[in-house]
Amino acid sequence: MTAVMEPQVGLLPWRITPIRPEDRADVHRLFAACSVASVRHRFRAPLPAFPARHLDELLAGPPERHDALAVRAGASRELVALGSLALPYGPTDGGTAELGLLVVDAWQRRGLGRALTAALIERAACRGVTRIVAEVEHGRGRLLTALTRGLTLVRRTVDRDGLTGIYAIPDGPFADPAARPPVYRLEP
């Protein structure tokens, strides 16, 4: 499946595609194009490079364990965003997946994170995932709310590291292809 952004004035078209093992160099370029702040928001630390072990899982993990999608933009199909849902979250819970997103700074606030989240949740619901967990730093609660719009909050916790939300995946909006958010449409 591939998602295509509906054309908008002033924006380049973009596509959502599954990540592939041959995308390793593109992921490194994506990481290098992100600001220190964007990397810190995603990984909760100022890292010098994309974590090697995480990248290996991202590229090789079967969707049932680690589902990852890429956003490619423009004629060059440059990788500008990456989203993933990793299973299991916690030692015994196979029904909850952890959401992770990284979007190049110049492409933030254009709907890519929301579209990635919706596409990942739709794919996860088809595999029987019932909940997602998302973590953000303090002061970024609005981002958590925006990304999880349409999901039912199960629990939200606050600790010294930030906010964590656990959300139930609905049977309706994301599981039903006709009710997808209007940000994108999937192509076969």
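Predicted model: local features only at pLDDT ≥ 70, side-chain atom pairs only at ≥ 80, totals over all residues.
Strand β5 is a handy place to start. Seven of the eight residues in this strand, which spans residues 96-103, are buried, so β5 is largely enclosed by the rest of the structure. Its partner β4 (residues 78-86) pairs with β5 in the antiparallel sense, with six bridges between them. In that pairing, Leu82 sits opposite Leu102 of β5. Strand β6 (residues 131-136) also pairs with β5, this time in parallel and through three bridges. Here Thr96 stands opposite Arg131 in β6.

Next come the charged pairs. Side chains of opposite charge can pair when their charged atoms come close. Searching the whole structure turns up ten salt bridges. One of them links the side chains of Asp26 and Arg72, at 3.1 Å from N to O. Asp26 belongs to helix α1 (residues 24-33) and Arg72 to strand β3 (residues 66-73), so this pair ties together parts that are 46 residues apart in sequence. Asp26 is buried, and Arg72 is buried too.

Because Arg123 lies in helix α4 and Asp67 in β3, the contact ties together parts that are 56 residues apart in sequence. Both of these residues, Arg123 and Asp67, are buried. Asp67 meets Arg127 in a salt bridge as well, at 3.2 Å from N to O. With Arg127 in the loop between α4 and β6 and Asp67 in strand β3, that pair ties together parts that are 60 residues apart in sequence. How accessible are the two ends of this bridge? Arg127 has a relative accessibility of 28% and so counts as partly exposed, whereas Asp67 has a relative accessible area of 2% and is buried. Beyond individual pairs, salt bridges with shared partners join Arg20, Glu22, Asp23, Asp26, Arg29 and Arg72 into one network.

On the nonpolar side, the largest core contains 48 residues, and the ones with the most contacts inside it are Trp14, Phe50, Val71, Trp107 and Ile132. Helix α4 provides the largest share of this core, with seven residues. What does Ile132 touch, leaving out residues up to four places away in sequence? Its contacts include Thr96, Ala97 and Leu99, and those three positions fall within the 96-103 span of β5. Also among the residues touched by Ile132 are Leu85, Ile121, Thr148, Leu151, Gly165, Ile166, Tyr167 and Ile169.

Is Asp171 buried or exposed? Its relative accessible area is 75%, and as the cut-off for exposed is over 50%, Asp171 is exposed. Asp171 and Ala125 are 46 residues apart in sequence, but their C-alpha atoms are 8.0 Å apart in space.

How values were computed:
Residues numbered from 1 in each chain as written. Heavy atoms only, no water. Buried < 20%, exposed > 50% of the residue type's maximum accessible area, 1.4 Å probe, protein only. Helix = DSSP H or I, 4+ residues; strand = E, 2+ residues; numbered from the N terminus. Pairing = 2+ DSSP bridges. Salt bridge = Lys/Arg side-chain N within 4 Å of Asp/Glu carboxyl O. Core = buried A, V, L, I, M, F, W, Y, C linked by side-chain atoms within 4.5 Å. Contact = heavy atoms within 4.5 Å.
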